[in-house]
Amino acid sequence: MPLKTTHITSPIQEVDLSLFGINGYSLFVKREDLLHPFVSGNKFRKLKYNLLRAKEENHETLLTFGGAYSNHIAAVAAAGKEMGFKTIGVIRGEELESKISENPTLSFAKECGMKFLFISREAYRNKDSQSFLDSLIKNTGKCYIIPEGGSNHLAVKGCEEILDEHTKQFDTICVAVGTGGTIAGLINASEEHQNVLGFSALKGNFQTSEIKKFTAKTNYTITDAYCFGGYAKIDPKLIRFINEFKEKTAIPLDPVYTGKMMYGIFELLKNEYFKENSCIFAVHTGGLQGIAGINKKLKTKNLPTIE
């Protein structure tokens with residue numbers, strides 16, 4: 001994992017919109033999902049400078065937070081293994097402790113050497129309070145703490161590197177939004193003529209307050225119109241879109257973040273939201289490891305799965 005590389009780039013792939021009956025626009029996808037087999041997309045970007053800082057401060061252990069199918073948990077576990085760190089995951093939901101073997105994400109993290117601390121959802125709400133963090137460190141010993149989702153100033157710095165001289169030509173930059181760290185980095189690195197459009201994976205656009213901690217620029221919009229009811233909520237319509245998109249473009253999408261973003265982009269294209277002849281740039285933030293877990297849930301409900 002070349003975290004010490006000054007700057008790395010991922011391929012940009014054009015989507016042939018005519019395959020979907022859409023003309024008058026151009027759409028390109030930055031394949032951040034190809035950066036690393038296990039630490040892909042924005043997780044690679046967010047962790048890069050955090051892990052370098054942890055090394056500089058001579059930490060041996062990384063501690064972070066996440067839910068049952070967290071891309072962040074999987075990424076920290078894999079990066080820790082590769083970089084020689086011990087890792088601890090504070091997991092939301094005590095009931096998951098007895099279901100590790102049934103959960104692809106937690107099983108993978110465990111195989112990478114991650115130790116878990118399962119806590120109640122009520123206790124998990126305190127994850128950002130200093131007293132809660134102090135109590136964790138008292139039990140675990142010295143460790144480098146990475147927030148849920150990985151978003152902090154070092155993470156934003158890493159996400160700024162998604163954009164470079166090859167992305168200045170685009171009019172609109174699209175990205176899925178969870179905690180807000182990735183979009184904050186894109187906003188910071190965007191050009192004056194560019195608008196950054198965030199597709200929230202959750203209900204609401206509350207991430208705005210978080211984004212303002214990292215940037216003073218205002219050339220962005222966040223919509224939750226394509227969150228499909230909330231975080232990790234999906235329906236057959238979204239699954240059909242993800243499968244059709246992969247069939248026609250060979251680009252896989254996840255149902256929690258990138259699938260909803262791309263679905264939203266296509267809906268906006270059909271509704272002529274963008275100016276004619278707009279050149280649109282979408283960031284593929286990875287997250288594909290979560291598909292296995294989602295498919296297990298879909299099968300139990302007799303719903304179609306993601307191919």
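Me: Where is Phe170 found in this predicted model?
Reply: Phe170 is found in the loop between helix H6 (153–160) and strand E7 (172–177).

Me: Why is Phe170 called buried?
Reply: Its relative accessible area is 2%. Buried means under 20%. Phe170 falls under that cut-off, so the word applies.

Me: Which residues are in contact with Phe170, leaving aside its neighbours within four places in sequence?
Reply: Phe28, His193, Gln194, Cys279, Ile280 and Phe281. Contact here means heavy atoms within 4.5 Å.

Me: How far apart are Phe170 and Lys81?
Reply: They are 89 residues apart in sequence. In space, C-alpha to C-alpha, they are 37 Å apart.

Me: What makes E7 a mostly covered strand?
Reply: Six of its six residues are buried. Thr172, Cys174 and Ala176 lie on one side, Ile173, Val175 and Val177 on the other. Both faces are covered.

Me: Why do side chains in a regular strand fall on two faces?
Reply: In a regular strand they alternate between the two faces of the sheet.

Me: How do you know that E7 and E8 pair?
Reply: Two strands pair if there are at least two bridges between them. E7 and strand E8 (residues 195–200) have six, so they pair. The sense is parallel. Cys174 stands opposite Leu197 in E8.

Me: What makes E3 and E6 a pair?
Reply: Strand E3 (residues 61–66) and E6 share two bridges, in the parallel sense. The cut-off is at least two, so the pairing counts. Leu63 stands opposite Ile145 in E6.

Me: Which sheet holds E3 and E6, and in what order do its strands run?
Reply: It is an open sheet of four strands, ordered E5-E4-E3-E6, with parallel pairing.

Me: What makes E5 and E6 the edge strands?
Reply: Strand E5 (115–119) and strand E6 (144–145) each pair on one side only.

Me: How many aromatic pairs does a search of the whole structure find?
Reply: The search finds 16.

Me: Why is the pair of Phe65 and Tyr124 called edge-to-face?
Reply: The ring centres are 6.4 Å apart, and a pair needs them within 6.5 Å.

Me: Which parts does the pair of Phe65 and Tyr124 tie together?
Reply: Phe65 lies in strand E3 and Tyr124 in helix H4 (residues 121–124), so the pair ties together parts 59 residues apart in sequence. Both residues are buried.

Me: What makes Phe228 and Tyr263 an edge-to-face pair?
Reply: Their centres are 5.0 Å apart, within the 6.5 Å limit. The angle between the planes is 70°, over the 60 required.

Me: Where do Phe228 and Tyr263 sit?
Reply: Phe228 is in the loop between strand E9 (220–223) and H9, and Tyr263 is in helix H10 (residues 258–270). They are 35 residues apart.

Me: Why is Phe228 called buried?
Reply: Its relative accessible area is 18%, which is under 20%, so Phe228 counts as buried. Tyr263, at 12%, is also under the cut-off and therefore buried.

Me: Which aromatic cluster includes Phe228 and Tyr263?
Reply: One cluster is formed by Phe20, Phe199, Tyr226, Phe228, Phe241, Phe245, Tyr263 and Phe266.

Me: Which residues of helix H11 (residues 291–300) are buried, and what do they pack against?
Reply: Ile291, Gly293, Ile294, Asn295 and Leu298 are buried. They pack against helix H3 (104–111) and helix H9 (236–249).

Methods. Residues numbered from 1 in each chain as written. Predicted model: local features only at pLDDT ≥ 70, side-chain atom pairs only at ≥ 80, totals over all residues. Heavy atoms only, no water. Buried < 20%, exposed > 50% of the residue type's maximum accessible area, 1.4 Å probe, protein only. Phe/Tyr/Trp six-rings, centres within 6.5 Å; stacked < 30°, edge-to-face > 60°.
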